[in-house]
Amino acid sequence: MGVTGRKFPHWELVAMLLRLKRMRHGRMGDGREEELVEHVLAVAAPGDPDAAIAAVDQFAARPNRFLINIGAEKGAILERAVGRARPTRLLELGTYCGYSAMRIARSMPAGAHLWSVEPNPANADVARRIWEHAGLSGQVTAVVGALGDGGGTLRKLRERHAFGPGGLDFVLIDHAKNEYLPDLRRILAQGWLHPGSVVVADNVRIPGAPGYRAFMRANQGRWWRTVEHAAHVEYQRLLPDLVLESEYLGGPA
Ligand SMILES: C[S@@+](CC[C@H](N)C(=O)[O-])C[C@H]1O[C@@H](n2cnc3c(N)ncnc32)[C@H](O)[C@@H]1O
């Protein structure tokens, strides 16, 4: 079975869920993110994003090497959303090891740029090393911080990265589940979206972002138009998940 549809033995699934509960600061806690960099550099040809993505998937499908990437099944949903939106300026919340950023980068139009926000500098460093190897450093920038840190990261995005009114075409939300809606509201309050901007949110069912889903449902057809994509939690086929793809129609935070 391929990496999109691996059937974890039940004990391995339980071990994976327990480890997820023990995660601290967005890391699995056993050095596997550093090991991933070594693996990608060893097996993927330099300058080849497809090879780097395949190498990450191969690593994450190994026993006890599960990673909290969006994975191949939901990554394909993400890439189709990017293809439809044809965005120029993109933002990601939750870089981790830079996997979803590579999927976005290979699907976005030439000349587009993705900024990816991540509070853990060690994760940002892992992602940068993988992007550098994949030849994507010119298209993707890791920004260490969090939109909810009291204003520093929002200011950094405005002042260093020229974020401004109506300037953001696409957002991937894939970070702390209780921050999905607050961070979307922060983005709206900055006025960075425009009618037609697209926001994709991962893990809306597991671990779950019920407040975010309720917000999109309450505003369906008025300020947002959302499609819910049924999928599975990354790298297995037992646990269902949801990816929300929401087009902004205009309206308040
Ligand atoms: C599920 S992982 C992201 C996976 C990544 N998008 C991918 O598919 O390759 C979540 C990441 O969000 C980060 N994170 C946690 N709180 C955050 C916040 N407030 N803003 C941005 N990132 C955050 C964690 O450190 C972790 O690296």
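Predicted model: local features only at pLDDT ≥ 70, side-chain atom pairs only at ≥ 80, totals over all residues.
I'll begin with the ligand. The ligand sits in the largest pocket. Around the ligand there are 19 residues, and the closest are I70, G94, S100, E118 and D174. Two elements that each supply at least two residues of that shell are helix α5, residues 99–107, and strand β2, residues 113–118.

Now some polar side chains at the site. In the side chain of S100, an N or O atom is 2.8 Å from a nitrogen atom of the ligand. For E92, a polar side-chain atom lies 3.5 Å from a nitrogen atom of the ligand. N123 has a polar side-chain atom 3.1 Å from an oxygen atom of the ligand. How much of the ligand's accessible area does the protein cover? On its own the ligand has 610 Å² of accessible area, and the protein covers 90% of that.

Next, S197. You will find S197 in strand β5, which runs over residues 193–201. Is S197 buried or exposed? Its relative accessibility is 0%, so S197 counts as buried. The side chain of S197 reaches the backbone oxygen of L168 at 2.7 Å. Leaving out residues up to four places away in sequence, S197 touches L168, D169, S246, E247 and Y248.

On to G164. G164 is placed in the loop between α7, residues 152–159, and β4, residues 168–173. G164 counts as buried because its relative accessibility is 19%, and the cut-off for buried is under 20%. With residues up to four places away in sequence left out, G164 touches G191 and W192. The C-alpha atoms of G164 and L193 are separated by 9.0 Å, although these residues are 29 apart along the chain.

Last, some backbone details. Which residues does a cis peptide bond join? They are I206 and P207, with omega at about -5°. P207 belongs to helix α9, residues 204–208.

N64 has phi near 60°. N64 is in the loop between α3, residues 49–60, and α4, residues 71–85. With 43% relative accessibility, N64 counts as partly exposed.

R86 is not a glycine either, and has a positive phi of about 45°. R86 lies in the loop between α4 and β1, where β1 covers residues 89–93. The relative accessible area of R86 is 56%, so R86 is exposed; the cut-off for that is over 50%.

That is the end of the talk.

Notes: Residues numbered from 1 in each chain as written. Heavy atoms only, no water. Helix = DSSP H or I, 4+ residues; strand = E, 2+ residues; numbered from the N terminus. Buried < 20%, exposed > 50% of the residue type's maximum accessible area, 1.4 Å probe, protein only. Contact = heavy atoms within 4.5 Å. Near = heavy atom within 4 Å. Polar contact = N/O pair within 3.5 Å; in protein donor to acceptor, adjacent residues only side chain to side chain. Areas by Shrake-Rupley, 256 points an atom, 1.4 Å probe, with all protein chains shown as cover. 1 Å grid on protein atoms, 1.4 Å probe; cavity = no way out; pocket = protein on both sides within 12 Å on 5 of 7 lines; lining within 4 Å. Sits in = over half its atoms within 2 Å of the grid points.
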